[in-house]
Amino acid sequence: MSQPWARAAAAGADRERIAATPHSFGVDVWLRFAKKPTALAGLIAVLLLLACALIGPSLSPYSYDKQTLSLAGVPPVFTAVVAPEAGRYFYITPNQKIIEVDDQGRLLRQLPMAQDLFMEKRVSYRCGPQDEGLVYLDYSAAKPALLDEAGNPLAATRVLWNRTYLLGTDHLGRDILTRLMYGAQISLMVAFIAAAVNMVIGTLYGGIAGYLGGRVDAIMMRVVDIISTIPLTLYVILIKVCLAGGLVGIIVALSSVYWVDMARVVRGQVLSLKQQEFVLAARTIGSGTRRILLTHLIPNAMGSILVTATMLIPSAIFMEAFMSFIGIGIAPPMASLGTMCNDATEALRSSPYQLFLPALIICLIMFAFNFVGDGLRDSLDPQLKR
Amino acid sequence: MSETPLLQIENLTQHFPVRGRGHKVVHAVDGVSFAIGRGRTLGLVGESGCGKSTCARSIIRIYEPTSGHVRLDGQDITRLSQKQLLPLRRKMQMIFQDPYASLNGRMTVRALIGEPLRAHGAAESRRDEEDRILRMLEKVGLTREHAGRYPHEFSGGQRQRVGIARALILRPELVICDEPISALDVSIQAQIVNMLRDFQQELGLSYLFIAHDLSMVRYISDEVGVMYMGQLVEHSPAEDIYAHPLHPYTQGLLASIPVPDPSLARLQDEEGLSGDLPSPIDPPPGCRFHTRCPHATGCCREEAPALRNVGGGHAVACHLV
Ligand SMILES: Nc1ncnc2c1ncn2[C@@H]1O[C@H](COP(=O)(O)OP(=O)(O)OP(=O)(O)O)[C@@H](O)[C@H]1O
Ligand SMILES: [Mg+2]
């Protein structure tokens, strides 16, 4: 008589065991994240950028602020004139200096000037291993031309990659690659610190407003409304102008503004979470406000917090670049991507690569973080997917 | 009945303001009174929306009761601040309806069960805490290997065991079970109810056991209360209510229980419940059940019946009894 009953009970226990799933939450999120190509590409790009920014400058033979004026303004790829001497080429820089290049594309030296024949609109330069030869730079035409010792034009040209400075030099002869890596490091550092500070302020502010609710919430959120009606750009500029310049000023300016979005997001999450049974359970248990906020509400809102923070990084980077570009950001000799863009505008016509390269990196960083943020949002909360 | 009951509620009323409807309120609980003695179980039943959960939550002070009194062990806790209430919370714990929503998915089982110990500083040391958590886990039929796992790795029945372990680890005197088995598979419901009964015998617990149909509370209750639209309409010793249901609503509830053996279907010819629940914002005047009652008379539409004792501890709120 007891036999069939015993079997039924065992079956019940079995079904409970089968229903248990082996993955932890983190593994689940990762699996969903990795399924999204854009998210994965974004993550790889972010990691590469971080690696370059953090260890790149120390691997580079150049420092970000060392000026080599004699080799200024050489792009990464250039068209050089074939010199009379075998295996030698000349590159005419935008400010009409002549740089000797070997056949590998290594920059050897700037040719010393011999004589300025201004009546003939020519300048002569010494060349050759012992400075025994001469070349003339003829600037009578719109496009300067090189003439050999006899006065015949050197017509043959060759496109060469710059092997000494892989991404060229800027108008002060600093290595652009090193400066890019260093600038990205500063930009990312500013963005990460700003995002972290915003995350802490916004999470606590929004969490407290949402959990306490009622009048406290109303007052706290009106403050947020007021802050966010002021155009943030204007606000950041004002803060920045009032504060001491440099890195600290910009971090303070960015940190004190962008938390309003975070506060809104967290408040919304907390408002819906606090009605859930596990929060009610914590209250019936007797857990205090602090414990409920820190162990129940915020960890459960962590998904949206992370997504918002990830999305905040590109806007902080953009804001920092913008401020540096208009000249109220990072002070030289420190470089950020924005100050590099700013420096490049002076020589924009003759050397567009100096603007293009930092702008490209800014775009890359923004794209990468946006993709990661999107991927995170979708994988943390599959129901949110549109 | 000279001894003070463990829990005594008097005229408990809970109204919720309705947004954008002037001064109208939802009459979720309206003047409910009952008492639960030590080691005893009151089963509270009623349709969905009749205010069972609200009643439970007002007792345990998730909501601030609009009026009325809740006495725990003779002490009136209705107007205590949350801070004053904190030490009393050890005596009174709750098990929730939804085993998925009532456990924080970001905490391990160890942290979940340990939370009451930490909130009350009840464990003497980390060793003691760990010991008590593991012992509790084994008592509810889980193993120590489960301690490091997260709730989503468990089935509904196992999660509800975690919820029970959490409610019992402080050794409370009163446990409010808000439909603890409604969300579970039928095969697991019996296991959970049996476990709750075992705990009652072992620890001398009192239960307020909420369910939405009478069949679920039959095996565990000493007394049964039937709620309709925020009011208690019938209250009696358990066997009595199944043998002689007096209120037409109770009779309707009993008729709606499916009976496995047709020869036992003594209530089959009686009518089940029909009609919709009226709005709890504007409850019908007089007896709230008159809109659905097959026997309603003029008197029922005008005058609200009081809960009257009809002998043998059986009380009913109906003009026709
Ligand atoms: N926080 C609240 N604010 C406003 N109205 C509420 C609130 N909680 C419950 N109510 C209302 O009170 C009434 C009773 O709800 P309650 O959850 O107590 O019912 P219940 O008997 O537990 O139902 P179920 O069996 O579905 O759990 C319902 O009409 C509900 O809409
Ligand atoms: Mg309920």
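## Nonpolar patch on chain A

Helix α4 (residues 176–212) of chain A supplies the largest share of a nonpolar patch, 4 residues, where helices are DSSP runs of H or I with at least four residues, strands are runs of E with at least two, and both are numbered from the N terminus. The surface patch is formed by A:V200, A:L204, A:I208, A:L212, A:V216 and A:L294, with about 480 Å² of accessible area together. Such patches take residues with over 30% relative accessible area and no salt bridge, nonpolar side chains being joined within 5 Å and like charges within 9 Å; a salt bridge is a Lys or Arg side-chain nitrogen within 4 Å of an Asp or Glu carboxyl oxygen, and areas follow the Shrake-Rupley method with a 1.4 Å probe, only the protein chains shown counting as cover for residues.

A:I208, which lies in helix α4 of chain A, counts as partly exposed because its relative accessibility is 33%, between the limits for buried (under 20%) and exposed (over 50%).

## Basis of the model

This is a predicted model, in which local features need pLDDT of at least 70 and side-chain atom pairs pLDDT 80 or more, while totals for chains, interfaces and linings use all residues. Residues are numbered from 1 along each chain as its sequence is written, chains are lettered from A and ligands numbered from 1 in the order in which they are written, and side-chain values use heavy atoms, leaving out hydrogens and water.

## Open sheet of chain B

In chain B, 8 strands form an open sheet of mixed pairing in the order β6-β7-β8-β3-β9-β10-β12-β11, two strands being paired if DSSP finds at least two bridges between them. Because β6 (92–95) and β11 (308–309) of chain B each have a single partner strand, one side of each is left without a neighbour in the sheet.

Conventions
Buried means under 20% relative accessible area, exposed over 50%, partly exposed in between (1.4 Å probe, protein chains only).
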